Amino acid sequence: MHSPSWLGALLFLGAQLRALWPVAAVEVHTSREVDAVNGTNLRLKCTFSSSSPISQHLSVTWNFQPEDLSAHEPVFYYLKEPYKLSAGRFKERVTWDGNIERNDVSIVIWNLQPTDNGTFTCQVKNPPDVDGPIGEVRLRVVQKVHFSEIHFLAVAIGSACILMIVVVIVVIICRHHRKKAREKRTEGADTELKEKESLKEKEAGPLED
C-alpha cells in the first residue's frame with residue numbers, strides 16, 4: 001500500500017541526481033576572429049575535447065553565414081571520411097586538414113574572396129557526447145595586410161635610421177669634395193706662384209750679365 005509513495009520518492013530522487021550529474025558534452029575551440037588577404041589560402045583551425053573516447057560515428061559539420069546574416073550555407077562535412085560539396089560557393093575550395101586522433105578538425109579554404117566575409121561555425125558530435133557549444137570564427141578578407149602599431153613603430157624607426165645614415169654619408173662626401181677642391185686650388189696657386197718666380201729669375205738673369 002505504501003509502494004506508490006516509495007516509487008514517487010525514488011523517481012524524485014533520480015530526477016534530482018540526474019540534474020546534479022554533469023551532462024556529457026563536446027567542447028569546441030576556435031579562433032574568434034581572423035584576418036586574411038584576398039586571393040590567399042587560409043587554415044580555419046578547430047579543435048575539440050570530449051569526455052568520451054573518440055567514436056567511429058564522430059561527425060564534423062562546418063557551416064557559413066554571410067555578413068548579411070542570410071541563411072547558413074554548408075562548407076564541409078566529415079563522417080568517417082571527408083565529404084566534398086557538390087554545389088555552393090565553397091565547391092572545390094575546401095580541403096580537410098584535420099587529424100581526428102589529435103582532436104583536430106581544421107579545414108583549409110582556398111582562394112579567399114571578399115564574398116567570404118562572415119562567420120564560419122564548427123560543430124563536433126562524438127556519441128554519446130552530442131551536446132555542447134558550436135565554435136565560431138569570424139573571417140574578414142582584406143585587400144592588404146593591416147600592420148599593428150608595433151610594425152608601424154619598427155618601420156618608422158628603421159626609416160629614420162636609414163635616413164640618418166644617408167645624411168651622414170652625404171655630408172662626408174660633400175666635405176671630401178670640398179677638401180679636394182681646396183687642395184686643387186692651393187696646388188694651382190702654388191704652381192702659378194712658382195711659374196711667376198721662375199719667370200722673374202729668367203728675366204733678371206740677362207740684366208745681371
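The following exercises, with worked solutions, concern a predicted model.

**Exercise 1.** Determine which strands stand at the edges of the open sheet, and explain why one side of each is left without a neighbour.

*Solution.* 
Step 1. Write down the strand order. The open sheet consists of six strands, arranged as β2-β11-β10-β5-β6-β7, and their pairing is mixed.
Step 2. Identify the ends of this order. The edge positions belong to β2 (33-37) and β7 (82-83).
Step 3. Draw the conclusion. Each of these two strands has a single partner strand, so one side of β2 and one side of β7 lack a neighbour in the sheet.

**Exercise 2.** Describe the hairpin formed by β6 and β7, and name the turn residue with a positive phi.

*Solution.* 
Step 1. Consider the pairing. β6 and β7 run antiparallel and are joined by two bridges. Tyr-78 has its bridge partner, Pro-82, in β7.
Step 2. Consider the turn. Two residues lie between β6 and β7 in this hairpin, and Lys-80 in the turn has a positive phi of about 70°.

**Exercise 3.** Classify Pro-128 as buried or exposed, and describe its position.

*Solution.* 
Step 1. Pro-128 lies in the loop that links β10 (118-125) and β11 (135-142).
Step 2. Apply the cut-off. A residue is exposed when its relative accessible area is over 50%. The relative accessibility of Pro-128 is 61%, and therefore Pro-128 is exposed.
Step 3. Compare sequence with space. Pro-128 and Ser-52 are separated by 76 residues in sequence, yet their C-alpha atoms are 7.3 Å apart.

**Exercise 4.** Identify the residues that make the nonpolar surface patch containing Val-166, and classify the accessibility of Val-166.

*Solution.* 
Step 1. List the members. Ile-162, Val-166 and Val-170 make a nonpolar surface patch of about 260 Å².
Step 2. Classify Val-166. Its relative accessible area is 43%, so Val-166 is partly exposed.

Note on methods
Residues numbered from 1 in each chain as written. Predicted model: local features only at pLDDT ≥ 70, side-chain atom pairs only at ≥ 80, totals over all residues. Heavy atoms only, no water. Pairing = 2+ DSSP bridges. Helix = DSSP H or I, 4+ residues; strand = E, 2+ residues; numbered from the N terminus. Buried < 20%, exposed > 50% of the residue type's maximum accessible area, 1.4 Å probe, protein only. Patch = residues over 30% accessible without salt bridge, like charges linked within 9 Å, V, L, I, M, F, W, Y side chains within 5 Å. Areas by Shrake-Rupley, 256 points an atom, 1.4 Å probe, with all protein chains shown as cover. Salt bridge = Lys/Arg side-chain N within 4 Å of Asp/Glu carboxyl O.
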